[in-house]
Amino acid sequence: MADYDVIVAGGGLAGTITAQAISHYSKQNLKILVVDRNTEFLPGRKSLAGWVCGDACSKEAVDFMSKRIKVEWTRPEIEHDVKGVMAFSPDKETAIPFDGAGYMLNRQKLPEIQNERCRKMGIEFEYEINLTGLIYEGQQAVGVQGIDNKTKQPYKKTSKIVIDATGVTSMLRNGLQNSTKVEKRIDRRDLESTGRYIMYFDQGEKDLSEFDPDYCIIHLDQDIAPGGYGWVFPKADNKVNIGLGVEKSLLERRNKRLGKKDNVESLMKEYLNRNTAIKNPKLSEDPEDINNNSGIFQVSVRRQNDCMVSGGYMLVGDSAWMPKPIDAGGIGPALIAGTILGNNVAQAIEANDVTEAGLWQYNLDFIKEYGYKTAGLELFRRLVQQMSNEQISYGMKHFLGNLDVESISKGEHPDFSGLGKIGMIIRGAMNKTVADGLRYTSKQNQWLVEHYYNYPKDPSGFEQWNKTLHQRLDEAFAKVEAFDK
């Protein structure tokens, strides 16, 4: 007999939301254990640098969770309300709103409160456990193993289902032995190095393109954040989460072009120093920030794993590469996926079928709610990464119609329908190149969305579906990487 019904590996946000969702949908009838490598006093910490994150989350995602599993977030885990996100072109002449109203979270306080709520629901925790792999019986994962760092003794616990919420470089996924469908390794081009500070500051020049207490600001600029973007997210009128993300090969290309030797840390300092709205910045020493005020971490920027289940094993959050490809936002997808997964787990255990086929519905449910759009956004991200600042500014200014902005605001691929209209005169090679690139990704996105809506209803159809997906994506990636050459 198993020690637990469900073991959640990883006590971060995705893991604890999933545990709460399983408890809710099973009417607290399942025995659930959350295993975390951190101490009880720093739960869910991503690295020694803390919970490195932009800290922003849409109200829509929080509401999705709250309505379904009755978990309400309030102060102090919500630190500041925002009206939306504004993305500025490199020349700052165009700003695009997206994501709608949202919250700035305190990532150090949130896990403390999350875990307390979990315990009240009967969910158990074990801390300071370094997991190294899964335990198998035939084609089924039946538990986890590793080392108890408190006692230095081997650690083993068994369960009907293991949920992997151990993060982007998950050892459980990398060493998975009971599936050829789950992708184990991530391409380095699909990782961004991100760094950020949480700071108090004196108000400098009033410039709402540099700091706005009501909006999260994103700066697209290939010199400041090659292959990514810079962000200035308000936590109060005089407090900010400021940082940037870069793609390593594009940073190398940028350094060569500009004759520089910058890394993420030096770019962060430069980005902070050039902000005229922020004067005399100092790292927050508030008790709720002190273990989290500065850090660098890696985040995925691709579609979610093509398959997120195997026998007795399921992926969620960063382990499944769920952050949105276009902006690396990971909290929203984790809330949505964790909520969905809780229902799938409760149903599978009730049906006494935790095989790959018995857990398959999770793939379909996540795609229907969120995952259908991510491959198109991944392709769009790769196109934008190839563009110069001049091309990005021109494209944002001249080629984004109201419908396109509306698509972006929903986190979807803009359709650039205006580029196909008769009578649109494109002058100059640059304009035509940008238009052709945007039109191409838009057309591919339509195919990708349709393909995801046709995700196989059971494992038997996966191999052909996945082969077709990769053929299309490989061709599209090659085309956008040759953009403007």
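**Close-up views of a predicted model**

**View 1. The loop that holds Pro76.** Pro76 is placed in the loop between α2 (59–69) and β4 (78–82). In this predicted model, the peptide bond that leads from Arg75 into Pro76 is cis, and its omega is near 5°.

View 2. The secondary structure of the chain amounts to 14 helices and 19 strands, and the C-alpha trace spans about 70 × 55 × 40 Å along its principal axes. The radius of gyration is 22 Å, which agrees with the value near 23 Å that a compact globule of 485 residues would have. Of the 485 residues, 59% count as buried, while the chain exposes about 20400 Å², of which carbon and sulfur atoms supply 49%. When contacts between residues at least 6 apart in sequence are considered, 74% of them join residues at least 24 apart.

**View 3. An aromatic pair formed by Phe201 and Phe211.** A search of the whole structure finds 13 aromatic pairs, and one of them brings together Phe201 and Phe211, whose ring centres are 5.0 Å apart. The planes of these two rings stand at 75°, over the 60 degrees that the edge-to-face class requires, so the pair is edge-to-face.

**View 4. An aromatic cluster and two arginines placed over rings.** Trp360, Tyr452, Tyr455, Phe462 and Trp465 together form one aromatic cluster. Elsewhere in the view set, arginine side chains are shown with phenylalanine rings: the charged end of Arg119 sits over the ring of Phe125, 5.3 Å from the centre of that ring, and Arg382 lies over the face of Phe477, where the distance to the ring centre is 3.8 Å.

**View 5. Leu272 and the residues it touches.** Leu272 lies in helix α6 (residues 264–273), and with a relative accessible area of 8%, under the 20% limit, Leu272 is buried. When residues up to four places away in sequence are not counted, Leu272 touches Tyr197, Met199, Ile242, Ile278 and Pro281. For a sense of scale, the C-alpha atom of Leu272 is separated by 36 Å from that of Asp164, a residue 108 places away along the chain.

**View 6. Helix α1 and the residue that follows.** Helix α1 (residues 13–25) has 13 residues and reaches 18 Å from its first C-alpha to its last, close to the 18 Å expected at 1.5 Å a residue. Of these 13 residues, 11 are buried, so α1 is largely enclosed by the rest of the structure. The buried residues of α1 are Leu13, Ala14, Gly15, Thr16, Ile17, Thr18, Ala19, Gln20, Ala21, Ile22 and Ser23. Just after α1, Lys27 takes a positive phi of about 55°.

**View 7. Helix α10 and its cover.** Helix α10 (residues 374–386) has 13 residues, and the distance from its first C-alpha to its last is 19 Å, close to the 18 Å expected at 1.5 Å a residue. This helix is mostly covered, for 13 of the 13 residues in α10 are buried.

View 8. Asn280 is placed in strand β16 (residues 278–283), and although Asn280 is not a glycine, its phi is positive, at about 50°. With a relative accessibility of 44%, Asn280 counts as partly exposed. Asn352 is found in the loop between α7 (331–350) and α8 (356–359), and its phi is near 60°, again a positive value in a residue other than glycine. The relative accessible area of Asn352 is 70%, above the 50% limit, and Asn352 is therefore exposed.

Key. Residues numbered from 1 in each chain as written. Predicted model: local features only at pLDDT ≥ 70, side-chain atom pairs only at ≥ 80, totals over all residues. Heavy atoms only, no water. Phe/Tyr/Trp six-rings, centres within 6.5 Å; stacked < 30°, edge-to-face > 60°. Lys NZ or Arg CZ within 6 Å of the ring centre and 35° of its normal. Helix = DSSP H or I, 4+ residues; strand = E, 2+ residues; numbered from the N terminus. Buried < 20%, exposed > 50% of the residue type's maximum accessible area, 1.4 Å probe, protein only. Contact = heavy atoms within 4.5 Å. Expected span 1.5 Å × (residues − 1). Rg over C-alpha atoms; globule rule 2.2 N^0.38 Å. Areas by Shrake-Rupley, 256 points an atom, 1.4 Å probe, with all protein chains shown as cover.
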